[in-house]
Amino acid sequence: MLKETLIDLLDRDEPDYNAAADMGTQIIPYLLDITKNGGDRLAPRAVYTASLIQSDKVTDVLEVLNEGASSSIPEVRVATAAAFNNQQHLGDSNSDTLKFLLNDNDMGVRKMALTSISKGEFHANDSVRSEVEKLTTTENNELRLFATEVYNKIKH
């Protein structure tokens, strides 16, 4: 019943992410399953919903984000990168996943990861800063300029 309600909230033209996230941590196993098996429509929405859940159990949310980061579907990886906007409080526990996304073969994923880092009060550790710095020498001019802007913001 809970999973069906969750899917109903997410499988709309205008998903109700907040109502889904308000269902709490008990939906995380369902979100993980949808992230793995939900395809290019539901899986990105599941990742984003997980990022909205406020929980002391950061490992639960990270499990969904890690699954999203390793998805073969680019839209899921982009949604995962965007999800870090909502999970900046995770601190160093998210650095491996974020570094992975910064090295993604899809430029849209890398750009969204940079966007998440550039917003708010993101605390980038040395390893994340190092990955951003590497992107300042990328072959894509637009990405290189954006990476330089982000790096200058977080290098302190």
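## A walk through the helices

Start by selecting T97, which sits in helix 7 (residues 95-102). Keep in mind that you're looking at a predicted model. T97 is buried, because its relative accessible area is 8% and the cut-off for buried is under 20%. Who's around it? Leaving out residues up to four places away in sequence, show L65, N66, A69 and F84, which T97 touches.

Now colour by pLDDT. The chain averages 89, with 91% of its residues at 70 or more. Among the elements of the chain, look at helix 3 (residues 28-37) for the highest mean, 96, and at helix 5 (residues 58-69) for the lowest, 88.

**Into the core**

Next, pick L6, L31, L102, L114, I117 and V132: these have the most contacts inside the largest nonpolar core, a set of 43 residues. Helix 10 (residues 141-154) is the top contributor to this core, giving 6 residues. Then stay on V132 and bring up its contacts. Neighbours within four places in sequence aside, you'll find L102, L114, I117, A147, V150, Y151 and I154.

**One aromatic pair**

How many aromatic pairs does the whole structure hold? A search finds 1. Select Y17 and Y48: their ring centres are 5.0 Å apart and their planes meet at 75 degrees, so this is an edge-to-face pair. Y17 belongs to helix 2 (residues 17-21) and Y48 to helix 4 (residues 39-52), so the pair ties together parts 31 residues apart in sequence.

**Salt bridges**

There are 8 salt bridges in the whole structure; here are some stops among them. Go to D8 and R12 first, where the closest N and O atoms are 3.2 Å apart. D8 is partly exposed at 46%, and R12 is partly exposed at 32%.

Then select D11 and R41, a salt bridge with its closest N and O atoms 2.5 Å apart. D11 is in the loop between helix 1 (2-10) and helix 2, while R41 is in helix 4, so this pair ties together parts 30 residues apart in sequence. D11 has a relative accessible area of 39%, which makes it partly exposed, and R41 is partly exposed at 36%.

Finish at D104 and R77, whose side chains form a salt bridge at 2.6 Å, N to O. This pair links distant parts of the chain, 27 residues apart: D104 lies in the loop between helix 7 and helix 8 (107-118), and R77 in helix 6 (residues 74-83).

How values were computed:
Residues are numbered from 1 along each chain as its sequence is written. This is a predicted model: local features need pLDDT of at least 70, side-chain atom pairs count only at pLDDT 80 or more; totals for chains, interfaces and linings use all residues. Side-chain values use heavy atoms; hydrogens and water are left out. A nonpolar core is a set of buried Ala, Val, Leu, Ile, Met, Phe, Trp, Tyr and Cys residues joined through side-chain atoms within 4.5 Å. Buried means under 20% relative accessible area, exposed over 50%, partly exposed in between (1.4 Å probe, protein chains only). Helices (H or I, at least four residues) and strands (E, at least two) are DSSP runs, numbered from the N terminus. Contact means heavy atoms within 4.5 Å. pLDDT is the predictor's confidence in each residue, from 0 to 100. Rings of Phe, Tyr and Trp (its six-membered ring) pair if their centres lie within 6.5 Å; planes under 30 degrees apart count as stacked, over 60 as edge-to-face and the rest as tilted. A salt bridge is a side-chain nitrogen of Lys or Arg within 4 Å of a carboxyl oxygen of Asp or Glu.
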